[in-house]
Amino acid sequence: MIQSPSLAETTVEPTGTDAAPSVAHGPAAEPTAVVARFEEWVRRTPQAPAVVDGTRTWTYGELDTAAEHLATALRERVRPGDLVGVCLDRSTALVVTAVALARLGAVYLPLGPRPGERRAQAVTEDLDVVCLIGDPGVLPAAHRDGERLALPLPDGGVNAPVGAVAAFAARPQGARRAPEDALYAVLTSGSTGRPKAVAVGEASLSVALDWYRTATALAPGDRQSLLIGVAFDPHLLELWAGLTSGAALVPAPDDTRWDAALLTDWWREAAVTVCVAATPTVEPLLDRPWPRGLKLRHLVVGGDRMRRRPGPDVTATVHNAYGPAEATVVTTAYAMRATDADAGGTAPPPIGTPLPGATVAVTDDDGRPVERGQDGELRIGGHCLALGYLDPELTAQRFTAPAGHPALKGVERLYRTGDRVRMAADGGLEFLGRLDNQVKISGVRIEPGEVEAAFEQDARVRTAVVTVQRDGAGLPRLVAHLKCAAATPAAAELLDAVRAWLPEQAVPATVRFVDAYPLDANGKVDRAALATDAPAPSAPPADDLAGATPGERLVLATVRDLLGRPETVLGDNFTDIGGTSVVAARLLAAVERESGIRPRAHELLRSTDLGAFAALLDQRWTPRPAGA
């Protein structure tokens, strides 16, 4: 098996001092092709499966033809360098769209299948987006009412769009365009309440793909997952890794991201051999015996801090990957195998060493490398770097020239991650947390300021402050502290309103109404005091579970614990009170563990309230009388 770069391959340039600086360079690398490599597989193996989408298999030849038809349909309206917003889910249609836009030289801007009307509108106001591709029902009003072009996109398989169109609307003067040579752009959280976009070139993506194919030995005959949410950049690693290796992509049904048991069932049924998944999705699997009968050889996880090592029963190599969108998905990685001496250890594993072509440096506030073993900010350089943000001023702030240090000789620019790390003597990195207010929720970077701005769009909210609290398992959750302008509105109404602006992970779990905010010595809101001194949620009546059914007791107790909301009642809707995909997965796992009943994610999500979901459990929990 070909392994990812080892610690021994990581190099540090001598500095002439005894103390080694916290700088490490990955093995040498040169950019290669991405789109041309896919086209090479089309020529070599036109009959090989390229996408296995439900019961329908698309060959490389068929996928190539479908992409050319789409490119032809768009060619008169979409020019090289144009941003195209893609509002599609994981599907053959998404793959065809990505290939077609790359051929046109357009810039693929993934927004996800349900981007939220306000969020999509903000993107099209700030960025020079030539059109949006997706179901007209999910597009902002200006695009629903404007010119539409029906597209020849596949309409079969999982998550397939119905009647996808390219929708055109008036483009604002002065909107930002993508930089030259961009292949794709992705949105990241912005403190102003407006999402910011970072653009990545084909050369940078190619370096990450070359590492991925080597680390996983991805090749013809393999099945590569298409599992990550489309609004997040790791799905590009999945998509192009499959297409540039001769392997088959397998789009995942939506339920797999909510239910760990469904995920492993899908791995088995779809014969997935290589998968990329968010850390919070995978960690519940590591707390139980590893499923048998899987063909999964490699599992690349990232997006959040991994809290334990895989056990000796885990038959796949698990790669703990780290990397911001500004450094093209993956910057460092650490491979773990069942044969490792520390397999199953409860200490968090490191995030590893730099990929080929990447440089990492742990620096002080002035950008100078600290000694190994000292904490500092992680800065990244090398071939992995994005072209920059679509905002030149922001690019200048975050992509800076390196400090004059011998270990950074030859490095032209470094990206300031805002992450606090420590480099060990052997060059491996330990992730310690954030230096600023950003937080990871379910693997997604969230800027509390963006969440606050979303609440303040509502005329009923005078000001909003968002804090981060930890639940009983130590996982972060957002709490919104709102000062309202007049009568206090219902929390559920406000949460429903901000969903139009925010991705799922950024919607707070709890809303608290305040009359005033505590201030620190400088007159600023004291967020730590706000989080600590916030009044405890109203406790439920002592007898509120008296006479409750087994299902009701289990559901209420578990949801109250997971969300830290003891005031939760059976009449609450799961998503309205802060339920996310990660919380749903943990709830379903707890229900199965305590009752032996294995509910499906859609049964939770489609229930009108928690009482209805509990009733479903009781139907299966209580034995039926004979003859009933």
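Trainee: What classes do the residues lining the second largest cavity fall into?

Mentor: That lining divides into 6 nonpolar, 1 polar and 4 charged residues. Here Ala, Val, Leu, Ile, Met, Phe, Trp, Tyr, Cys and Pro count as nonpolar, Asp, Glu, Lys and Arg as charged, and the others, Gly among them, as polar. Keep in mind that this is a predicted model: local features need pLDDT of at least 70, side-chain atom pairs count only at pLDDT 80 or more, and totals for chains, interfaces and linings use all residues. Residues are numbered from 1 along each chain as its sequence is written, and side-chain values use heavy atoms, with hydrogens and water left out.

Trainee: Which residues line the second largest cavity?

Mentor: Among them are Arg309, Pro310, Met336 and Asp340. A cavity is a set of points on a 1 Å grid over the protein atoms alone where a 1.4 Å probe fits but cannot get out, and lining residues have an atom within 4 Å of a point.

Trainee: And how much space lies in it?

Mentor: About 50 Å³ for the second largest cavity.

Trainee: Switching to helices: at what angle do α2 and α3 cross?

Mentor: Roughly 60°, and the axes of α2 (residues 60–74) and α3 (residues 92–104) come within 8 Å. Helices are DSSP runs (H or I, at least four residues), numbered from the N terminus. Axes are lines fitted to C-alpha atoms over the stretch in contact, with angles from 0 to 180 degrees between N-to-C directions.

Trainee: Who meets whom there?

Mentor: Leu63 and Leu70 are among the α2 residues in the contact, and Val95 and Leu104 among those of α3. Contact means heavy atoms within 4.5 Å.

Key
Helix = DSSP H or I, 4+ residues; strand = E, 2+ residues; numbered from the N terminus. 1 Å grid on protein atoms, 1.4 Å probe; cavity = no way out; pocket = protein on both sides within 12 Å on 5 of 7 lines; lining within 4 Å. Points joined across faces, edges and corners; volume = space filled by probe spheres on them.
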